[in-house]
Amino acid sequence: MTEATALTTLQEIDLELLKHASALASMAQQQRLKTIALATKKVASELTGIVGQRKDAELEIADTEADLEHYNQKTAEVQAEADAGGHTHREIRDFEQSLTSLAKRIEKCEFALGPARERLGRLERAERNARLTLERLEQEREAAQASLDEGSATLRAKIVELTRRREDAARDVSAEHLAAYEVARRRFKGLAVERLRGNVPSVCRVKLQPSQFHDLAHGDEITECPYCHRILITSEEVEGE
């Protein structure tokens, strides 16, 4: 392989490496994993809120049920004491007032329990649905990760093979030209080398003046474009190189 051919081969390989690196970074699975992560974070946050509300609802019901039990026990005690007989008119009136007050409290507790239990039911359903959603998202994450691992493994294998070929091509390029190539590759985002097609460089496409063309035609095969300053190969490409 001539040095000129090695330089063009090096550029072709580097462009392929750039393409594969870009493909690796922008794989659909990568985007899917990001979407799943965002959805998981949102659902987990919602679940935390739902669990907190569900616990509050359970405590509210437990407190109300405890109050109801207390009022029922108190009612039974007052009623038993009133039924014992031998009370004054004032004591009987006090018993009636106590029983009336307890009845109102019992009614209030029973009235509050209905909506509270309905709210708890809604929160429990919401919690179950959120947990099911998290399970589904985890399954989707595992599937996307497995697909990414498989797909990226293929790309990484190609990158390894291209890197080996790059090293082989670089051995046929002088240290001076290799250093110039690396500078131009970074400057021109991979398009560091061009060939002279007639009197027009293949990349910048700026037509050379006759005097410039004459000097290049009688100079080194590997030089620098006077316009864009890429590496310019003045020889014609030989088919099969």
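Me: Where do I start? How many helices and strands are there in the protein?

Reply: Start with the elements. This predicted model has five helices and four strands.

Me: In what order do the elements run from the N terminus on?

Reply: Read them along the chain. The order is α-α-α-α-β-β-α-β-β.

Me: Now the overall form. What radius of gyration does the protein have, and what would a compact globule of 241 residues have?

Reply: Set the two values side by side. The protein has 42 Å. A compact globule of 241 residues would have a value near 18 Å. Then look at the box along the principal axes. The C-alpha atoms fill roughly 135 × 35 × 25 Å.

Me: What share of the residues is buried?

Reply: Buried residues make up 30% of the 241 residues.

Me: Now the surface. Which residues form a nonpolar patch there?

Reply: Leu 15, Leu 18 and Leu 191 form the patch. Together they have about 230 Å² of accessible area. Leu 15 is found in helix α1, residues 3-25.

Me: Which helix does Asp 56 lie in?

Reply: Asp 56 lies in helix α2, which covers residues 28-83.

Key: Residues numbered from 1 in each chain as written. Predicted model: local features only at pLDDT ≥ 70, side-chain atom pairs only at ≥ 80, totals over all residues. Heavy atoms only, no water. Helix = DSSP H or I, 4+ residues; strand = E, 2+ residues; numbered from the N terminus. Rg over C-alpha atoms; globule rule 2.2 N^0.38 Å. Buried < 20%, exposed > 50% of the residue type's maximum accessible area, 1.4 Å probe, protein only. Patch = residues over 30% accessible without salt bridge, like charges linked within 9 Å, V, L, I, M, F, W, Y side chains within 5 Å. Areas by Shrake-Rupley, 256 points an atom, 1.4 Å probe, with all protein chains shown as cover. Salt bridge = Lys/Arg side-chain N within 4 Å of Asp/Glu carboxyl O.
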